[in-house]
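Thank you all for making the time this morning. Please have a look at the sequence and the model on the screen, and then I will take you through a few places in it.

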Amino acid sequence: MGDELLLFLGDKVSNYNLALKSTNFSEDGGNQITDIKETKEGFEIITQFPDRGYLQNTYFVSGINNKLILKKIQSESESWQDGYTEKCSQNINVDLKKSIAELSKVISNTKKNCTKIYNKQSKVKNMDIFLVI
């Protein structure tokens, strides 16, 4: 819903109760939610940039001690100009019940571990180009 994540949990008699109201990590003019997937530990929120280029973030959320914890963020982007894909991972471990400002601060202060994977295509160098008018 908008930029909110609303999570309802069911009980034994099929009643659903609001368990969490937090951010869904979408951005105005930026990455938008493309999928939410269930995992063994909880769920993943996947966002992608909807326009040109490739940028995908995956937010891993786990249920620990009756809390929903943002465990990790993985991102992947491509630089077609420089011929590489960059993959980054951040171990976060923060309770999603924190305010968006607090979550943003923890995320921005957490070190990223990034790797660049270069494409194996060779670039053409010193190519003469002729334009006939």
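Let me begin with a question: which residues does L96 touch, if we do not count residues up to four places away in sequence? The residues that L96 touches under that condition are L20, S22, F25, V61, L68, L70 and L103. Please keep in mind throughout that what we are looking at is a predicted model.

Let me now step back to the chain as a whole. Its secondary structure comes to 1 helix and 8 strands, and, reading from the N terminus, the elements run β-β-β-β-β-β-β-α-β. The chain has 133 residues, of which 29% are buried, and it exposes about 10,200 Å², with carbon and sulfur atoms supplying 49% of that area. If we take the contacts between residues at least 6 apart in sequence, 27% of them join residues at least 24 apart.

F25 lies in the loop between strand 2 and strand 3 (32-38), and it counts as buried because its relative accessible area is 8%, where the limit for buried is under 20%. Its backbone deserves a remark too: F25 has a positive phi of about 70 degrees although it is not a glycine. As background, most residues other than glycine have a negative phi. N93, which is found in strand 7, is likewise not a glycine and has a positive phi, here of about 55 degrees, but N93 is partly exposed, with a relative accessible area of 47%.

C88 and C114 form it, with their sulfur atoms 2.1 Å apart. The pair links distant parts of the chain, since C88 sits in strand 7 (residues 84-95) and C114 in strand 8 (residues 113-118), 26 residues apart. Why is this disulfide called right-handed? The torsion about the S-S bond of C88 and C114 is about 110 degrees, and therefore the disulfide is right-handed. As for the two cysteines themselves, C88 is buried at a relative accessible area of 10%, whereas C114, at 35%, counts as partly exposed.

T85 lies in strand 7 as well, and it is buried, with a relative accessible area of 13%. Leaving aside its neighbours within four places in sequence, T85 is in contact with E76, S77, E78, T115, K116, I117 and N119.

L6, which lies in strand 1, counts as partly exposed at 31% relative accessibility.

Technical notes
Residues numbered from 1 in each chain as written. Predicted model: local features only at pLDDT ≥ 70, side-chain atom pairs only at ≥ 80, totals over all residues. Heavy atoms only, no water. Helix = DSSP H or I, 4+ residues; strand = E, 2+ residues; numbered from the N terminus. Buried < 20%, exposed > 50% of the residue type's maximum accessible area, 1.4 Å probe, protein only. Disulfide = S-S within 2.5 Å. Contact = heavy atoms within 4.5 Å. Areas by Shrake-Rupley, 256 points an atom, 1.4 Å probe, with all protein chains shown as cover.
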